[in-house]
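I opened the notebook to record a walk through one chain. The entries follow the order of my look-ups.

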Amino acid sequence: MYGYIRFYGDELKMKDLRLFKAYYCGLCHTLKHNYGQRGRMLLSYDMTFMAIFIDAVSGEKLSLDRLACPVSPWKKKLTILNSRGLEKAAFLSILMGYYKMEDVWQDDRMPLAKVAMALYKKAFRRTSDQWPETAAIIEEKLREFYQNEKTSGIGLDELTHPFAELIALVLSSDAEEGQKDVFYKIGYHAGRWLYFIDALDDLPKDVTKGSFNAFTATLPYSAPTWQQFYEAAKDDIYANLFVSLDEIHRYLKFLNIKQHRELIENIFYLGIRSVSELILCRRRKGNDEPFAEPFKIRTTCRHGTEQDALIPSSDFPEGKEASSGE
């Protein structure tokens, strides 16, 4: 989907790295089994995390096997099979992936996005028929979300609300009754953070092309270049990103995690914080390189090399310090 939700490798135990890779391979095989080879093209870190998170709170006993990998056919890889989390992550990959393609086409008129929409249209319709309630929620919230992007004078919180609520509703839909509110709050702020970090990652491209960007559309700053805009708006951008991270950390303490706790905490406390810091550092230094790109094929081997070390607090706006999540 986006590729921003990641583990932080320097603090990850080997058992949790193997677990993440087994889920990644499991989602790859689930997508292939349900949607054919084209389904594998929608494999993402974000949906791998979704599968891990769902199974972590359900406590479902996992089945594992060693299966052939199309990327490394000479070596079978440890793979998690048929879990509740993987099934949900697979159909969400199709639904959310299709809408992401549609968004890229509407914003950038990228021909590859139009081709991808045609390629996945049948799978999208079949998935929508199989999961009508979830599909209806996604369609309703994204329609509201796109409408907000076309509404002038809208505030940043109001703009982000539909997408944040979409993630909240999807995440909390099959939570235990006593945990629904906690799931909702974590999902809401995770969705909010995802939207903000994507807007920050796209800032150079959006300003250069004159495309919509949440920050340039809502923050009270005007500048001819993205570097000048970022310099003026950096405190507001920083605050919005890390308020959402702090809220995730606050509600995570109330979550009943039955398994995979150390991996979940690594991702929430360190992984997404590291991604935030890295992209902030690039923009502060005038680097327009994107962190995540649509339709980019990734593997868990590349995952480790793409993620830099935590950026020291001196790289942030004066007087600010990165939240540790403790």
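**Entry 1: contacts along the chain.** I looked up how far apart in sequence the contacting residues sit. Among contacts of the protein chain with a separation of 6 or more, 72% join residues 24 or more positions apart. I note that this is a predicted model.

**Entry 2: elements.** I listed the secondary structure next. The protein chain has 12 helices and two strands. Read from the N terminus, the order is α-α-α-β-β-α-α-α-α-α-α-α-α-α.

**Entry 3: burial and surface.** I then turned to accessibility. The protein chain has 326 residues, and 55% of them count as buried.

**Entry 4: H1 against H3.** At what angle do H1 and H3 pack? I found about 110 degrees, with the axes 9 Å apart. H1 is therefore roughly perpendicular to H3, as the angle falls within 65 to 115 degrees. From H1, the contact takes Phe20, Tyr23, Tyr24 and Leu27. From H3, it takes Tyr45, Met47, Thr48, Ala51, Ile52 and Asp55. I sorted these residues by class: eight are nonpolar, one is polar and one is charged.

**Entry 5: H3 against H11.** I stayed with H3, which spans residues 45-58, and checked its packing on H11, residues 261-284. The angle is about 130 degrees, and the axes are 10 Å apart. H3 and H11 are therefore oblique to each other. The crossing of H3 past H11 is left-handed. On the H3 side I noted Phe49, Ile52, Phe53 and Ala56. On the H11 side I noted Leu263, Ile264, Ile267 and Phe268. The class count for H3 with H11 is eight nonpolar residues, no polar and no charged. Ile52 is listed in the contact of H3 with H1, and Ile52 is listed again in the contact of H3 with H11.

**Entry 6: Glu11.** Where does Glu11 lie? I found Glu11 in the segment before helix H1, which covers 14-35. Glu11 counts as exposed because its relative accessible area is 54%, and the cut-off is over 50%. Leaving aside neighbours within four places in sequence, Glu11 is in contact with Asn266 and Leu270. I also checked Glu11 against Leu263: they are 252 residues apart in sequence, and their C-alpha atoms are 9.9 Å apart. Leu263 is one of the H11 residues in the contact with H3.

**Entry 7: Ser244.** I looked for Ser244 and found it in helix H10, residues 226-252. Is Ser244 buried or exposed? Its relative accessibility is 0%, so Ser244 counts as buried. Beyond neighbours within four places in sequence, Ser244 is in contact with His189, Arg192, Trp193 and Phe196.

**Entry 8: positive phi.** I searched the backbone for positive phi outside glycine. Asn82 has phi near 50 degrees. Asn82 sits in the loop between strand E2 (77-81) and helix H4 (84-108). With 62% relative accessibility, Asn82 counts as exposed.

His260 lies in the loop between H10 and H11. Is His260 buried or exposed? Its relative accessibility is 13%, so His260 counts as buried.

How values were computed: Residues numbered from 1 in each chain as written. Predicted model: local features only at pLDDT ≥ 70, side-chain atom pairs only at ≥ 80, totals over all residues. Heavy atoms only, no water. Helix = DSSP H or I, 4+ residues; strand = E, 2+ residues; numbered from the N terminus. Buried < 20%, exposed > 50% of the residue type's maximum accessible area, 1.4 Å probe, protein only. Contact = heavy atoms within 4.5 Å. Axes fitted to C-alpha atoms, helices over the stretch in contact; angles between N-to-C directions. Parallel < 35°, antiparallel > 145°, perpendicular 65-115°, else oblique. Left-handed = near helix turned anticlockwise from the far one by under 90°. Nonpolar A, V, L, I, M, F, W, Y, C, P; charged D, E, K, R; others polar.
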